[in-house]
Amino acid sequence: MKKITVSVIGCGAMGGAVLRALCKKIDPQSVKVSAKHFEHAEAIAAETKCAAVKTNSEAARKSDFVFIAVKPACVLSVLEEISNSLKDDATVVSMVAGIPLEALSKASGKPSVRIMPNMPVSVGEGMTALAASSDVSEERVAAVRALLEASGKVELVDEKLMDCVTAVSGSGPAYAFVFIEALADAAVRSGMPRAAAYVYAAQTVKGAAAAVLAGGKNPAALKDAVCSPGGTTIEGVAALEKGGFRSAVFDAVKAAYEKSAAMSKR
């Protein structure tokens, strides 16, 4: 990539994860970070070798791309705070749920991009959805995608799908962690040592996901391939169905979707 400058405002769990990915993709000296508490910015700057600055306006100044990673209630006020410091050709990139592109552009006065990364970006295995306002050039959209490549997969979506993305990939890691924990607990109940149980459960879920992403077969076909007639696996699947496993997943995604949609309407 040609030399560009980037800033990240906010360095909580998600902001910090994206910042680390950015510093792997481009020269960390081209990246600035600010936070509500300066010591937090200093700590992550020391780790990533980027520059910590004391104010959001200072972070935004001279940055080609300004990533916003603050709490939803603070987004618009932060954008208004930095609006006079933004370069004429700056692009605002928000990773905050529930704030539409129109509101982002209005508050910042600049073309805006929304991204919805998820927690696995912290280990380079994230799933990030990207939606851009109509005044963001294809070149700028491609640049944002390239910046995030070190974090995992990045896909363009229509903004109207962002609430669904939030409910599936944004919240989905938590559902997967609950499943991994339950699978490990069940293994411990059957006699497996705790440390081994976590490894077996986590690697099993990772491998199953890799099999789906490898293409060729959908999850139903892959499940059928594991379920031998009269075997152990079909007995386990039957128990999951009896316990309402599939229905519980439907309910979880529906609840998260409705919450995200309600946030978007505020």
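How close do the axes of helix α7 and α8 come, and at what angle do they cross?

**View 1. Helix α7 against α8.** The axes of helix α7 (residues 162-170) and α8 come within 5 Å and cross at roughly 25 degrees. Axes here are lines fitted to C-alpha atoms, for helices over the stretch in contact, and angles run from 0 to 180 degrees between N-to-C directions. α7 and α8 are therefore roughly parallel to each other. The angle classes are: under 35 degrees roughly parallel, over 145 roughly antiparallel, 65 to 115 roughly perpendicular, the rest oblique. Ala167, Val168, Ser169 and Gly170 of α7 meet Gly172, Pro173 and Tyr175 of α8. This contact divides into 4 nonpolar, 3 polar and no charged residues. Contact means heavy atoms within 4.5 Å. Ala, Val, Leu, Ile, Met, Phe, Trp, Tyr, Cys and Pro count as nonpolar, Asp, Glu, Lys and Arg as charged, and the others, Gly among them, as polar.

The model is predicted: local features need pLDDT of at least 70, side-chain atom pairs count only at pLDDT 80 or more, and totals for chains, interfaces and linings use all residues. Residues are numbered from 1 along each chain as its sequence is written, and side-chain values use heavy atoms, with hydrogens and water left out.

**View 2. Helix α8 against α9.** Helix α8 (residues 172-189) packs on helix α9 (residues 194-213) at about 135 degrees, with the axes 8 Å apart. That angle makes α8 oblique to α9. On the α8 side, the contact includes Phe179, Ile180 and Leu183. On the α9 side, Tyr198, Ala201 and Val205 are among the partners. The contact residues of α8 with α9 divide into 11 nonpolar, no polar and 2 charged.

View 3. The open sheet has 8 strands in the order β3-β2-β1-β4-β5-β6-β7-β8, with mixed pairing. β3 (51-52) and β8 (152-156) stand at the edges with a single partner strand each, so one side of each is left without a neighbour in the sheet. Helices (H or I, at least four residues) and strands (E, at least two) are DSSP runs, numbered from the N terminus. Strands pair if DSSP finds at least two bridges between them. Strand β1 (residues 6-9) pairs with strand β2 (residues 31-34) in the parallel sense over 4 bridges. Val6 stands opposite Val31 in β2. Helix α1 (residues 13-25) packs on the sheet and touches β1, β2 and β4 (65-68). The direction of α1 makes about 165 degrees with that of β1.

**View 4. Helix α4 against α5.** α4 and helix α5 (residues 101-108) pack at about 30 degrees, with their axes 7 Å apart. Val75, Leu76, Leu79 and Glu80 in α4 meet Ala103, Leu104, Ala107 and Ser108 in α5. The contact divides into 6 nonpolar, 1 polar and 1 charged.

View 5. Lys87 and Asp64 meet through their side chains in a salt bridge (2.6 Å, N to O). Lys87 lies in the loop between α4 (75-82) and β5, and Asp64 in the loop between α3 (56-60) and β4, 23 residues apart. A salt bridge is a side-chain nitrogen of Lys or Arg within 4 Å of a carboxyl oxygen of Asp or Glu. The structure holds 10 salt bridges.
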